[in-house]
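This briefing covers a predicted model, beginning with a pocket and its lining and moving on to helix packing and confidence.

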Amino acid sequence: MIARFRRLYGASPLHLLSLLGCFAVAAFVALQVSRGPLPLRTAIWFVGAVVLHDLVLFPLYALCDRSVSELFRRGPRDDRITSSTINYVRVPTLLSGLLLLVFTPVIFRRGEGPYFRASGLDLSPFLGRWLAISGLLFLGSALIFALRTGISRASDKAA
């Protein structure tokens, strides 16, 4: 029976169950947002974010990724950086960009008055903190890359 289901559906019953669970969570979130104070504003923001991402941001970072990958592909054959190695640049860039996207209002000090009234805190340290976290992400990635490269070269010499 499971084999027949898998043949008809194309995946296991567990896949269907998890997909239905995801739809249930998404429906619950949509219901909660629709009951909020500004459901139309939230919907406009969501559609704008999807359009901005798909039409502007995705082509932009795809072009940047392709440019960096092409830059690293040039050079002597032994020194070329593989596609898995480029992830040492991709991952910290993605995480730094995600932090910037989520915390843009406080990083660029928008809404300082309401933020101060709600929390009693100043927005001035957020830019420095974001830059420090981004720097640490890139530094950590560079250290891991250097460590793995050193281990790889040491094992190549030993062999």
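**Pocket, helix packing and confidence**

By class, 16 nonpolar, four polar and two charged residues make up the lining of the largest pocket, where Ala, Val, Leu, Ile, Met, Phe, Trp, Tyr, Cys and Pro count as nonpolar, Asp, Glu, Lys and Arg as charged, and the others, Gly among them, as polar. The model is predicted, so local features need pLDDT of at least 70 and side-chain atom pairs count only at pLDDT 80 or more, while totals for chains, interfaces and linings use all residues. Residues are numbered from 1 along each chain as its sequence is written, and side-chain values use heavy atoms, with hydrogens and water left out.

**Largest pocket**

- The largest pocket has a volume of about 820 Å³, a pocket being an open set of points on a 1 Å grid over the protein atoms alone, where a 1.4 Å probe fits, with protein on both sides within 12 Å along at least five of seven lines.
- Of the 22 residues that line the largest pocket, L57, Y61, L94, G97 and L98 are the closest to its centre, lining residues being those with an atom within 4 Å of a point.
- α3 (39-73) and α4 (87-107) each supply at least two residues of this lining, and α3 gives the most, with twelve residues; helices are DSSP runs (H or I, at least four residues) numbered from the N terminus.

**Helix packing**

- The axes of α4 and helix α6 (residues 125-158) come within 10 Å and cross at roughly 170°, axes being lines fitted to C-alpha atoms over the stretch in contact, with angles from 0 to 180 degrees between N-to-C directions.
- α4 and α6 are therefore roughly antiparallel to each other, a term for angles over 145 degrees.
- Their contact (heavy atoms within 4.5 Å) includes Y88, P92 and L99 of α4 and W130, F138 and R148 of α6, and by class it has 16 nonpolar, four polar and one charged residues.
- Helix α1 (residues 2-9) and α2 pack at an angle of about 60°, with their axes 9 Å apart, which makes α1 oblique to α2.
- I2, F5 and Y9 of α1 meet P13, H15, L16 and L19 of α2, and these residues divide into six nonpolar, one polar and no charged.

**Confidence**

- The mean pLDDT of the protein chain is 85, and 93% of its residues reach 70 or more, pLDDT being the predictor's confidence in each residue, from 0 to 100.

Note on methods
Grid points are joined across faces, edges and corners, and a volume is the space filled by probe spheres set on the points. Angles under 35 degrees count as roughly parallel, over 145 as roughly antiparallel, 65 to 115 as roughly perpendicular and the rest as oblique.
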